Amino acid sequence: MSPTALPESADVVIVGGGVMGTSIAFHLAEAGVRRVLLLEKDSLGAGSTSKAAGGVRANFSDEVNVALGARSLQAFANFADRPGQQIDLHQVGYLFLLSTDEQVASFEQSTRLQNALGGPTRMISVDEAVALAPLISPDGLVGACFSPDAGHCTPESVVLGYATAARHLGAQLTTGCEVVGIDVEGNNIRGVRTSRGTVRTSAVICAAGAWSARIGQYAGVDLPVTPLRRQIVVTEAIDGLSDDLPMTIDFDSTFYFHREGPGLLVGMSDPAEQPGFHLDRSDAWLPALTAAMQRRAPSLLDVGLTGGWAGLYENTPDHNALIGEADEVSRFLYATGFSGHGFLQGPAVGEVIRDLWLERPPFVDISPLHARRFRDAAARTEFNVV
């Protein structure tokens with residue numbers, strides 16, 4: 001059998017080859033699960049993962065998100081040893097800039113939660129924030145929040161590390177193979193149909209990111225995931241940039257930046273963006289970005305751009321992930337809808353899905369993120385959304 005040929009059957013089929021899918025493949029294979037098959041319609045990491053800003057943090061207001069972020073931060077810090085890959089991790093911290101008393105109160109509350117769970121996040125003054133990120137203007141700021149153990153790394157390297165280790169452990173990762181259907185009898189999965197043939201299996205894990213709703217539909221499972229374009233630009237070299245410049249977010253506008261080589265990676269949400277699979281770059285968001293720069297980091301207006309890209313957030317109605325096993329179909333598991341937090345939670349979610357597949361309790365109670373919460377009117381609230 002050639003390396004790219006599909007097997008006739010598999011114990012579990014993972015759909016999606018980004019950070020989530022490769023992390024799941026690695027953790028399953030490491031646990032001794034045999035015949036793990038990952039299917040990716042493009043190349044590994046080609047979807048949202050390669051378009052991510054690379055930020056990693058545990059600064060959230062929801063206890064489950066804090067736990068997933070903290071567990072993942074530990075994994076990123078140890079990534080060179082397990083699974084064994086350099087990921088250019090810079091633990092320079094996350095700095096949230098706050099413009100209203102209401103924002104300060106919310107971050108004070110989430111900081112208390114993070115501290116209670118062992119995190120080092122702290123509230124700081126505007127002067128301290130300017131000392132950490134001298135590019136910013138303090139005008140209009142009333143406070144800030146800093147997480148010193150957070151930072152950023154290279155998403156493509158994380159995918160490479162997980163994929164390489166998973167393959168060494170016996171998993172098969174097949175690219176250029178699109179899933180076009182899932183065969184279900186009663187509430188049991190019988191197989192996965194692809195652009196290159198059918199694979200018999202009784203278990204499917206959906207890690208298809210922004211494309212997950214369609215995968216769920218194939219199995220008769222409702223995954224309320226909506227794609228939304230987010231764009232990033234990279235600046236020319238900037239003299240005097242500190243190596244310790246934190247990932248800095250103006251919470252009011254969602255304008256953010258972190259060091260990228262000799263320049264900065266810069267992004268911001270666009271409230272006018274309409275849902276859809278829009279992967280082309282657009283200039284329509286640039287006036288709003290320019291206005292945010294003028295207000296918060298005016299010196300950046302004099303810096304040229306060297307490029308940029310567009311990617312997709314995989315949003316859910318409450319901007320929290322969908323993690324669990326479907327009620328409707330046995331052994332249809334999912335890890336999707338991370339609403340911008342997928343890359344940074346990938347290591348921990350790989351562990352969680354491994355344990356759910358093995359039918360043992362994961363390190364954190366993930367039941368609040370089950371898709372049934374929308375049916376049961378039990379949506380979660382996450383305040384620290386960028």
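At 1% relative accessibility, F338 counts as buried, a label given to residues under 20% relative accessible area, with exposed meaning over 50% and partly exposed the range in between, for a 1.4 Å probe and protein chains only. The model is a predicted one, in which local features need pLDDT of at least 70 and side-chain atom pairs count only at pLDDT 80 or more, whereas totals for chains, interfaces and linings use all residues. Residues are numbered from 1 along each chain as its sequence is written, and side-chain values use heavy atoms, with hydrogens and water left out.

F338 sits in the loop between β19 and α8, where helices (H or I, at least four residues) and strands (E, at least two) are DSSP runs numbered from the N terminus. Leaving aside residues up to four places away in sequence, F338 touches M20, E314, A321, I323, Q345 and V349, contact meaning heavy atoms within 4.5 Å. F338 and G209, although 129 residues apart in sequence, are 7.9 Å apart in space from C-alpha to C-alpha.

I323 leads on to the largest nonpolar core, which has 51 residues and in which L68 and I323 have the most contacts. Such a core is a set of buried Ala, Val, Leu, Ile, Met, Phe, Trp, Tyr and Cys residues joined through side-chain atoms within 4.5 Å. Two or more residues come from each of β1 (12-15), α1 (19-30), β2 (36-40), α2 (63-77), α5 (155-168), β19 (332-336) and α8 (342-357), and α8 gives the most, with eight residues. In soluble globular proteins, nonpolar side chains tend to be buried together. Beyond four places in sequence, L68 touches I323, Q345, A348, V349, V352, F363, V364, I366 and L369. A second, separate core of 29 residues includes V192, V199, V204 and A210.

The helices α2 and α8 pack at an angle of about 95°, with their axes 7 Å apart; axes are lines fitted to C-alpha atoms, for helices over the stretch in contact, and angles run from 0 to 180 degrees between N-to-C directions. The two helices α2 and α8 are therefore roughly perpendicular to each other, since angles of 65 to 115 degrees fall in that class, while those under 35 count as roughly parallel, those over 145 as roughly antiparallel and the rest as oblique. On the α2 side the contact is made by N65, L68, G69, R71, S72, A75 and F76, and on the α8 side by F343, L344, Q345, G346, P347, A348, V349, E351 and V352.

Elsewhere, an open sheet of three strands has the order β9-β10-β11 with antiparallel pairing, two strands being paired if DSSP finds at least two bridges between them. Because β9 (179-185) and β11 (197-200) stand at the edges with a single partner strand each, one side of each is left without a neighbour in the sheet. Six bridges join β9 to β10 (residues 188-194), and E185 stands opposite N188 in β10.

Some backbone features remain to be noted. Most residues other than glycine have a negative phi, and most peptide bonds are trans. R35, in the loop between α1 and β2, has a positive phi of about 55° although it is not a glycine, and R35 is partly exposed at 42% relative accessible area. D88 also has a positive phi of about 55° without being a glycine; D88 is found in the loop between α2 and β4 and is partly exposed at 47%. P83 lies in the loop between α2 and β4 (94-98), and the peptide bond from R82 to P83 is cis, with omega near 10°.
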